[in-house]
Amino acid sequence: MEHKRILISTEKLKETIAYLASQINAAYATMENVMALVILEGAKYFAEDLLEQLSFPIEIDYLKASSYCGTASGCTVAMNVNDNLHERLKGKNILVIDDIYDTGRTLSTLLKWIKDSNPQSIKTCVLLEKEVPHDKNITIDFPGMKVPDVFVIGYGLDFDGQYRELPFIAELAPERIKE
Ligand code: IMP
Ligand code: MG
């Protein structure tokens with residue numbers, strides 16, 4: 001039995017990422033000291049495809065964060081930070097790349113943490129926004145696409161560590177989700 005329904009095709013993802021890259025290229029064209037901060041694990045695939053289309057010098061770093069227990073997003077926000085990341089963010093123009101804006105708790109926590117590092121600027125690029133009332137309101141400078149209030153998988157997004165490799169975004173059947 002099929003456990004998933006495709007919501008966003010590979011083709012549509014490609015189109016959206018090309019569009020986001022063009023927006024980011026325009027915004028950062030004349031800026032120096034730009035650093036992409038990729039939020040792992042979810043944004044890994046998205047960031048790879050996005051970053052190769054950027055046409056200005058950019059440093060790339062990673063931050064591991066997770067904030068969901070099973071499918072109930074936002075239980076706690078756990079961060080795993082590289083050595084001296086705080087120092088390396090100082091004075092830089094930070095572009096945060098994340099997979100999905102759901103409750104907004106993860107991004108809100110991360111943005112506060114990044115701000116404490118005194119960067120020059122912070123902007124956010126998020127592939128998906130779930131159509132739910134967010135707990136935390138966050139400005140997404142470069143938004144990708146909206147998805148309905150269902151549990152989505154694929155293109156980096158997982159359920160219990162699975163499905164990240166799917167080349168599209170799908171809805172995971174509720175009966176597949178054991179809470
Ligand atoms: P938020 O803090 O609720 O906005 O959710 C943040 C993180 O939870 C995201 O970056 C994802 O890694 C994960 N997440 C939220 N919703 C989903 C979903 O529908 N599928 C898979 N992961 C999700
Ligand atoms: Mg994430």
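Glutamate 175 sits in the segment after strand E9 (169-172). This is a predicted model. With a relative accessibility of 54%, glutamate 175 counts as exposed, because the cut-off for that class is over 50%. Its C-alpha lies 37 Å from that of aspartate 61. In sequence, 114 residues separate glutamate 175 and aspartate 61.

**Helices H1 and H2**

- The axes of H1 and H2 approach within 9 Å. They cross at roughly 60°.
- That angle makes H1 oblique to H2, because roughly perpendicular begins at 65 degrees and roughly parallel means under 35 degrees.
- The crossing of H1 past H2 is right-handed.
- H1 contributes Ile17, Leu20, Ala21 and Ile24 to the contact. From H2 come Phe46, Asp49 and Leu50.
- By class, the contact of H1 with H2 holds 6 nonpolar residues and 1 charged residue. It has no polar residues.
- H1 spans residues 10-28, and H2 spans residues 44-51.

**Serine 117**

- Serine 117 lies in the loop that runs from helix H4 (105-115) to strand E6 (121-130).
- Its relative accessibility is 4%, so serine 117 counts as buried. The limit for buried is under 20%.
- Leaving out residues up to four places away in sequence, serine 117 touches His86, Leu89 and Lys90.

**Aspartate 158 and the loop between E8 and E9**

- Aspartate 158 is found in the loop between E8 and E9.
- Its relative accessible area is 10%, so aspartate 158 is buried.
- The aspartate 158 side chain reaches the backbone nitrogen of glycine 161 at 2.7 Å.
- Side chain to side chain, aspartate 158 makes a polar contact of 3.5 Å with arginine 164.
- Tyrosine 163 is also placed in the loop between strand E8 (152-153) and E9.
- Tyrosine 163 is buried, because its relative accessible area is 14% and the limit is under 20%.
- The phi of tyrosine 163 is positive, near 80°, in a residue other than glycine.

- Asparagine 33 has a positive phi of about 55°. It is not a glycine.
- Asparagine 33 lies in the loop between helix H1 (10-28) and E2.
- The peptide bond joining leucine 40 and glutamate 41 is cis. Its omega is about -5°.
- Glutamate 41 falls in the loop between strand E2 (34-40) and helix H2 (44-51).

**Recap by location**

- The loop between E8 and E9 holds aspartate 158 and tyrosine 163. Aspartate 158 is buried, and tyrosine 163 is buried too.
- The loop between H4 and E6 holds serine 117, a buried residue.
- The segment after E9 holds glutamate 175, an exposed residue.

Methods:
Residues numbered from 1 in each chain as written. Chains lettered and ligands numbered in written order. Predicted model: local features only at pLDDT ≥ 70, side-chain atom pairs only at ≥ 80, totals over all residues. Heavy atoms only, no water. Helix = DSSP H or I, 4+ residues; strand = E, 2+ residues; numbered from the N terminus. Buried < 20%, exposed > 50% of the residue type's maximum accessible area, 1.4 Å probe, protein only. Contact = heavy atoms within 4.5 Å. Axes fitted to C-alpha atoms, helices over the stretch in contact; angles between N-to-C directions. Parallel < 35°, antiparallel > 145°, perpendicular 65-115°, else oblique. Left-handed = near helix turned anticlockwise from the far one by under 90°. Nonpolar A, V, L, I, M, F, W, Y, C, P; charged D, E, K, R; others polar. Polar contact = N/O pair within 3.5 Å; in protein donor to acceptor, adjacent residues only side chain to side chain.
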